Structures are given as C-alpha cells and as structure tokens.
Amino acid sequence: MAFDKSLLDILACPVCKGNLHYDKKNTLLVCKADRLGYPIREDIPVLLDTEASKLSLDQIESLDQ
C-alpha cells in the first residue's frame, strides 16, 4: 500500500497550518513555507514538529522540478 495523495486535501502543516506537498522520492510531506519535511512511515504521515527535518532551499526548489 502506498501513501494516499488524496490526504493532501485535508492534511496541514502542524506548525503554520499551510499546505503540504508530497515528495515521493524522499517519502516526505513537505511544508515549503517552513522548509520542513515530515516523514511518512508505513504509509502513515508523522506530523510532529519534533520529527520534522529542516530542508535547505535547494531541496525545496528541487520539488518543483
């Protein structure tokens, strides 16, 4: 089973309440505003700010390509 992208319509960043974007390559949900990546483990998003990884501007820009 893979991550259900339809969840992006109802999920939000727990820090800023903004939209999340799915990064399939790195298995992350990304908040571009806060530059945070939330892991997806066993097809379940872990939306805890303590579990988020800080992303560089280059990593954020590569998502749009």
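**Strands and core**

Trainee: Which residues of S2 are buried, and on which sides?
Mentor: Leu28 and Val30 are buried on one side of S2, Leu29 and Cys31 on the other, and both faces are covered. Buried means under 20% relative accessible area, with exposed over 50% and partly exposed in between (1.4 Å probe, protein chains only). Strands are DSSP runs of E, at least two residues, numbered from the N terminus.

Trainee: What kind of model is it?
Mentor: This is a predicted model: local features need pLDDT of at least 70, side-chain atom pairs count only at pLDDT 80 or more, and totals for chains, interfaces and linings use all residues. Residues are numbered from 1 along each chain as its sequence is written, and side-chain values use heavy atoms, leaving out hydrogens and water.

Trainee: How does S1 pair with S2?
Mentor: Antiparallel, over three bridges; S1 spans residues 21-23. Strands pair if DSSP finds at least two bridges between them. Tyr22 has Leu29 in S2 as its bridge partner. Four residues lie between the strands of this hairpin, and Thr27 takes a positive phi near 50°.

Trainee: And S2 with S3?
Mentor: Antiparallel, with four bridges. Leu29 has Tyr38 in S3 as its bridge partner. That hairpin has four residues between its strands, and Arg35 in the turn has a positive phi of about 55°.

Trainee: Switching topic: which residues make up the largest nonpolar core?
Mentor: Nine residues, including Phe3, Cys13, Leu29, Tyr38 and Ala52. Such a core joins buried Ala, Val, Leu, Ile, Met, Phe, Trp, Tyr and Cys residues through side-chain atoms within 4.5 Å.

Trainee: Which element gives the largest share?
Mentor: S3, with three residues.
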